[in-house]
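Dear colleague,

I am handing over the structure we spoke about, and below it you will find notes on what turned up in it. Please read them with the model open beside you.

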Amino acid sequence: MRRPEATSYPIACGPYSKMLSAIFTLILTVAVTHGQEIDPTSYLAKISAPSYHVADVWANFRPSPNHDEIVKAAPDTWEVLPKAFDKGYRNPCWTDASGHFRCAPYFQIIGVSKCGTTDLYGRLTRHPDMAEGAKGPHFWDECPYPPKGACTAPPNGDFDGYVNLFEKGASVIRTNPLAIVGEASSNTYTGVFTFVRGLARLKTNVTLAQLIYEAQPYQRQIIIMRDPVSRYYSAFHYYRRRPTDPFEGPDKFHERVERDIKLWTTCEQRYGVEECVKRYEPQQLVKGMYSEFVDAWTSVFPREQLLFLRTEDYKAAPREHIQAVIKFLGMRDLSDEETTTMMRLRRFNAQSEKYPRMWPQSRKMLEDFYRPFNQKLARMMGDDPRFLWEDTAKKAATAAAGAVAGGGRQ
């Protein structure tokens, strides 16, 4: 796999300081691109409701050619899964040999971290037909097989413990057959090559998408993606050593940008893009290469079971996005009053406003780095320009120019 080719752009020059030169370059870059306004809701029109029942999908499922290899990666999964689901429920549920009513998740929000997964999941849980699920168990990527303790699926860290995470939801579903449960683990989408119940490269060639599909072929997956520059900056501050530590300054961030891009470039030159994506280092830089993970999911799951959203559009039109996700999951429409109540909720896990402003030259470096990946992603999404994130680059350039003009700190 070759690195996507970047479109070249003119570079500003002249007797300017590095900071002003970077700002000028940002503005010039935006000026030569499409420049069209992004309608935050236009891409939602193609979203469709489920056209199947999970019990039918499971009953008619034909194992993949590499089924035995997939099972070998996590055999405890197939020790728990039933031969058939109860068709009296929308959610995948069954009664086991001991008479215990159990349910597995109908959907997952599989990524991407620092892109709004917590907020989206938090609002969805307010729907009357959304039973209690699990936020962030990271079972499929982090809980190893063979199990080595409770992990996030106590008591043993196995698939049986994972299903137990939805026990409260199952009790609700039993009285409300239309209800569903789901989970949100934000590393699943980008960890698809690297993790399969632990580090995949140490034990298997199976991908995380293949494992999840083989065990849950009916499942609907939601992916929400943010401007990779902003996502990377948010991750830099969010994953600092301790939550009580002060935020690092823009100089420290710039050092990290230079370091990470150098590490990636060295890896790419030696091993190529595909291998370096699998190595998942530097992790936060790689997570923004959204295009490199698309095929791993679309080659396994039917396209109608995958929903790709953009964080900036979700933030600009949250009501319409929530309504679209509700449709995607096949839940009943909310009344105006129920929707308004949901929209009044305080944003979940929103911290970006607290971070100091990054230097324009840091943003310029990252925009140049991510541009070929964004261009590839836009093509994969049907030539949709929203996934170029040119609109966010324009806003950032305008804000930086305004800050300099006003004598503000960068």
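The torsion about the S-S bond of C267 and C276 is about -105°, so this disulfide is left-handed; a disulfide here is a pair of cysteine sulfur atoms within 2.5 Å, and in this pair the sulfur atoms lie 2.1 Å apart. Both C267 and C276 are buried, where buried means under 20% relative accessible area, exposed over 50% and partly exposed in between, with a 1.4 Å probe and protein chains only.

Before going further, please note that this is a predicted model, in which local features need pLDDT of at least 70 and side-chain atom pairs count only at pLDDT 80 or more, while totals for chains, interfaces and linings use all residues. Residues are numbered from 1 along each chain as its sequence is written, and side-chain values use heavy atoms, with hydrogens and water left out.

The link of C143 and C151, by contrast, is left-handed at -90°, and its two ends are placed as follows: C143 is buried, with a relative accessible area of 0%, whereas C151 counts as partly exposed at 39%. C115 also counts as buried, at 1% relative accessibility.

Best regards
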